[in-house]
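Please look over the sequence and the model below. The report that follows starts at the surface and then takes in the chain as a whole.

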Amino acid sequence: MKTEQITWHELPADGMPDAEITVLAQVKQPDGSTEVWPAFWSGERWVDCGSGWALPDDGVVAWADQPAGVAAC
């Protein structure tokens, strides 16, 4: 077993990721809960990687770089 640390960047305080790179996005749901999805910041809006749909402007509450996987540990 290998362990990798994930650092979450809270928005807006911690700033946005570089444009066009896939990150983990903590996305606020209509019921107030959150889910984590692969997404990217286009430079103008958040985009869900699975669907290609734009996420609501206030939908992403935090982001983290993608884990590197076991080869990096």
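Ile6, Trp8 and Val36 make a nonpolar surface patch of about 240 Å². This is a predicted model. Val36 has a relative accessibility of 44%, so Val36 counts as partly exposed.

**Around Gln29**

Gln29 lies in the loop between β2 (23-28) and β3 (34-41). Is Gln29 buried or exposed? Its relative accessibility is 17%. The cut-off for buried is under 20%, so Gln29 counts as buried. What does Gln29 touch, once neighbours within four places in sequence are left aside? Its contacts are Thr34, Glu35 and Trp37.

The table sets out the accessibility of three residues.

| Residue | Relative accessibility | Class |
|---|---|---|
| Gln29 | 17% | buried |
| Lys28 | 38% | partly exposed |
| Val36 | 44% | partly exposed |

**The salt bridge**

How many salt bridges does the structure hold? The count is 1. Asp58 pairs with Lys28, and their closest N and O atoms are 3.9 Å apart. Asp58 belongs to the loop between β4 (46-48) and β5 (60-65), while Lys28 belongs to strand β2, so the pair ties together parts that are 30 residues apart in sequence. In general, side chains of opposite charge can pair when their charged atoms come close. Lys28 counts as partly exposed because its relative accessibility is 38%.

**The chain as a whole**

The chain has 0 helices and 5 strands. From the N terminus, the order of elements is β-β-β-β-β. The C-alpha trace spans about 35 × 25 × 25 Å along its principal axes.

Of the 73 residues, 25% count as buried. The accessible surface of the chain is about 5,000 Å². Carbon and sulfur atoms hold 52% of that surface.

How much of the contact set links residues 24 or more positions apart? Among contacts in the chain with a separation of 6 or more, such pairs account for 51%.

**Confidence**

The chain has a mean pLDDT of 93. A value of 70 or more is reached by 97% of its residues. Which element has the lowest mean pLDDT, and which the highest? Strand β3 has the lowest, at 96. Strand β1 (residues 9-10) has the highest, at 98.

Conventions:
Residues are numbered from 1 along each chain as its sequence is written. This is a predicted model: local features need pLDDT of at least 70, side-chain atom pairs count only at pLDDT 80 or more; totals for chains, interfaces and linings use all residues. Side-chain values use heavy atoms; hydrogens and water are left out. Helices (H or I, at least four residues) and strands (E, at least two) are DSSP runs, numbered from the N terminus. Buried means under 20% relative accessible area, exposed over 50%, partly exposed in between (1.4 Å probe, protein chains only). Contact means heavy atoms within 4.5 Å. Patches are made of residues with over 30% relative accessible area and no salt bridge: like charges are joined within 9 Å, nonpolar side chains (Val, Leu, Ile, Met, Phe, Trp, Tyr) within 5 Å. Accessible areas come from the Shrake-Rupley method with a 1.4 Å probe; for residues, only the protein chains shown count as cover. A salt bridge is a side-chain nitrogen of Lys or Arg within 4 Å of a carboxyl oxygen of Asp or Glu. pLDDT is the predictor's confidence in each residue, from 0 to 100.
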